[in-house]
Amino acid sequence: MPHDVIMPALGMTQDTGLIVAWHKQPGDAVSVGDVLFEVETDKATMEVEAAHEGFIETLLAGDGEEAPVGQVIAVISQSKPDNPTQSRLSESDAPAEPVADVAQEPVTKQDTASEKMPPAAPPQAAADGRILASPKTRRLALEQGLDLSDLVADGVAQPFHVRDLETLKNRPVASEASRGDRLSQLTASVSKAGFAGFQNWLADKADVPTNAILAAFAAASLRAANHAEVINIRVDQPTLAATAAFANPDLSPLSQISSGEAMPVSLILRDLSSSRITGSATGGAEAPVLTLCEDGDAFVLTLNYTHQQADDDVAIQLLDGFAARLDEPLRHLL
Amino acid sequence: MREITLSQAVNEALAEEMRRDPTTFIIGEDVAEAGTPFKVLSGLVEEFGTERVVDTPIAEPGFMGIAVGAAMTGARPIVDLMFGDFIFLIMDQLCNQAAKTHYMSGGRLSVPLVLRTNLGATRRSAAQHSQSLHALVAHIPGLMVAMPSSAYEAKGLMKTAIRENNPVVIFEDKLMYNDKAPVPEEEYLIPFGVANVLREGTDITLVGTSSMVQVCQKAAEILAAEGISAEVIDPRTIVPLDEEGLLKSAKKTSRVIVVDEGHQSYGVTAEIASRINEKAFYHLDAPVLRMGAMDVPVPFSPALEDITVPTPENVAENARRLMSGEMIHAA
């Protein structure tokens, strides 16, 4: 089985390595411990040894090329390859990491800081998505309610400094932000028959309050949509002047659902079924609001949410799932 | 105001204190008739006699021991160590005896001793006569360390040191003995642990010790011409250190460079930078930079010697890099 040779991470903060020279050519035999290539990092030039025995089947990067840590740069096969190949990163389809523009002067082991300090590489965003910013920038951003990831989105070079916050403050209100605040609405309607029949059937078996059933259906639908670990449903029943909160009501049998403390609320279910209200477009609460109304023979369901609270996909799946459960409640028990 | 040289300022301080307190005496090599090779003590033996300006053989551990013993038994010696480099010879007397005696005697013995010595390279004195070793003694609990940066500081700090009941090491910069500065005629003392802001600024703080204060001042001039406002601050004593003063400046500008003539590694700059980092972290818009002498024995060759120490141009260059938000030592 062929083994991939990857550009190793020789330092905690190293992102790429420059291949100074291959010590093996395609077709060469390789023993464990043989030097495969020399790589230059920020700090020093090191030899990389083979960890597997075999033959060089292919080299995927050339002398003098810089490869990202983890990239496959050679393949060692167990048997002598018929057609050993050598290619360079710059020829491959995958976009190769460009060699740093700043000439890396050989850095001596001692810090010769009384002269000029060694020239720094151009600032790059940390590979793991971490935002680099000075401590003062972070503190001021926190105090002023600014989001540094907006600067990242705008393509401002890291690390961020205090003056970058001015850019952030003067930014036109992003469409993301306004989208986030705007209320979206989905509507569905289902026949009442299914749920009514279910309630009759259930009444013989257990005494389960309606709000618990609704909470369970809502939680199950939401969990199927967003796979959250914790789902807390608050059921408001204004016409009964009642409100109850349920923690993960879909994870226990219907007869065992209990209400109590359930924070933070993932979804607010407003049960207006025993009222004359036939539709609702209310929202603007701390969580999405799913309103249940009656209109003739049908339940009218309305889901109001902001984009900060839920994606469209999650919302659609939630409402559709809830409607389906109301329509065919026995599905919930499956 | 009159201007006098650092040498004259030290001389005045010693003379005034020796007149004031008959228990003070000077001891060291060539301190009497020769007035030391740097001529700082000229005239003192004529005024105070050989009992109070005591020449010794070339025996640093010996005369330091004499001074420590004298201090423990009622005198106030001022030890003259001809070159700071010789401090290695007296480390036991200074660090194990003088520094610890008050503590280990439960307060029953005091060591009101002043060790007067020097630092500073670029005099072409080579590796064993050019070291700046103040970091070594600053590290020892029980010792205070003063670093005058001009004639004014030299006189005021010396007087405070002599009146201090605990051991003090004063490092004068041997390159500055002929540098003049305004020094009042009236008596004045400079308290320990109080930094001096020589130049106010808003963009970057330059902390300098001893002659590096002058280097920072010149760097500030260079930067001012480029529109960068640098604050220059002199701690004056590194033990005790005016942390509050340094932090106040760091918080104001959010960028700091610490410049000292000790070696870059494991020195005073590291301590000051660390304290600023610990206590002003959330006010920093750039890493605190250290600039010291190169980690190399001071070269004898003038061309090489001159590049081993921080210069105004180097300091200004680093200041520009911090101002530009460059990622120093990129992650």
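B:Ala126 is partly exposed, with a relative accessible area of 21% (buried means under 20%, exposed over 50%, partly exposed in between, with a 1.4 Å probe and protein chains only). The model is predicted: local features need pLDDT of at least 70, side-chain atom pairs count only at pLDDT 80 or more, and totals for chains, interfaces and linings use all residues. Residues are numbered from 1 along each chain as its sequence is written, chains are lettered from A and ligands numbered from 1 in the order in which they are written, and side-chain values use heavy atoms, without hydrogens and water.

- B:Ala126 has a positive phi of about 70 degrees, although B:Ala126 is not a glycine.
- B:Ala126 sits in the loop between strand E5 (114-119) and helix H6 (134-138) of chain B (helices, H or I with at least four residues, and strands, E with at least two, are DSSP runs numbered from the N terminus).
- B:Lys39 is not a glycine either, yet has a positive phi of about 65 degrees.
- The loop between strand E2 (24-28) and helix H2 (44-48) of chain B holds B:Lys39, which is partly exposed at 49% relative accessible area.
- The peptide bond from B:Val239 to B:Pro240 is cis, with omega near -5 degrees; B:Pro240 lies in the loop between strand E12 (237-239) and helix H9 (243-253) of chain B.
- In chain A, the peptide bond from A:Gln158 to A:Pro159 is cis, with omega near 0 degrees.
- A:Pro159 belongs to the loop between helix H2 (148-153) and helix H3 (162-169) of chain A.

**Helix packing in chain A**

- Helix H5 (residues 193-205) and helix H6 (residues 210-226) of chain A pack at an angle of about 120 degrees, with their axes 12 Å apart (axes are lines fitted to C-alpha atoms, for helices over the stretch in contact, and angles run from 0 to 180 degrees between N-to-C directions).
- That angle makes H5(A) oblique to H6(A) (under 35 degrees is roughly parallel, over 145 roughly antiparallel, 65 to 115 roughly perpendicular, the rest oblique).
- H5(A) passes H6(A) in a right-handed crossing (left-handed if the near helix is turned anticlockwise from the far one by less than a right angle, right-handed if clockwise).
- From H5(A), A:Phe195, A:Phe198, A:Gln199 and A:Leu202 meet A:Thr210, A:Ile213, A:Leu214 and A:Phe217 of H6(A) (contact means heavy atoms within 4.5 Å).
- The residues of this contact divide into six nonpolar, two polar and no charged (Ala, Val, Leu, Ile, Met, Phe, Trp, Tyr, Cys and Pro count as nonpolar, Asp, Glu, Lys and Arg as charged, the others, Gly among them, as polar).
- H6(A) also packs against helix H7 (residues 312-327) of chain A, at about 140 degrees and with axes 8 Å apart.
- H6(A) and H7(A) are therefore oblique to each other, and H6(A) passes H7(A) in a right-handed crossing.
- Contact residues include A:Leu214, A:Phe217 and A:Leu222 of H6(A) and A:Val314, A:Phe322 and A:Arg325 of H7(A).
- Between H6(A) and H7(A), the contact residues split into 11 nonpolar, four polar and one charged.

**Aromatic pairs**

- There are 10 aromatic pairs over all chains (rings of Phe, Tyr and Trp, its six-membered ring, pair if their centres lie within 6.5 Å; planes under 30 degrees apart are stacked, over 60 edge-to-face, the rest tilted).
- A:Phe198 and A:Phe217 form a tilted pair, 6.1 Å centre to centre and with 45 degrees between the planes.
- A:Phe198 lies in helix H5 of chain A and A:Phe217 in helix H6 of chain A, so the pair ties together parts 19 residues apart in sequence.
- A:Phe198 is buried at 3% relative accessible area, and A:Phe217 is buried at 0%.
- B:Tyr152 and B:Tyr188 have ring centres 4.6 Å apart and planes at 5 degrees, so the pair is stacked.
- B:Tyr152 lies in helix H7 (residues 151-163) of chain B and B:Tyr188 in the loop between strand E8 (180-182) and strand E9 (196-199) of chain B, so this pair ties together parts 36 residues apart in sequence.
- B:Tyr152 is partly exposed at 28% relative accessible area, whereas B:Tyr188 is buried at 11%.
- A:Phe195, A:Phe198, A:Trp201, A:Phe217 and A:Phe299 form one aromatic cluster.

- Chain B has 12 helices and 14 strands, and 59% of its 331 residues count as buried.
- B:Ile233, in strand E11 (residues 230-234) of chain B, is buried at 1% relative accessibility.
- B:Ile233 and B:Ser249 are 16 residues apart in sequence and 8.2 Å apart in space, C-alpha to C-alpha.
- B:Glu305, in helix H11 (residues 302-306) of chain B, is buried with a relative accessible area of 0%.
- Leaving aside neighbours within four places in sequence, B:Glu305 touches residues including B:Arg123, B:Arg124 and B:Ser130.
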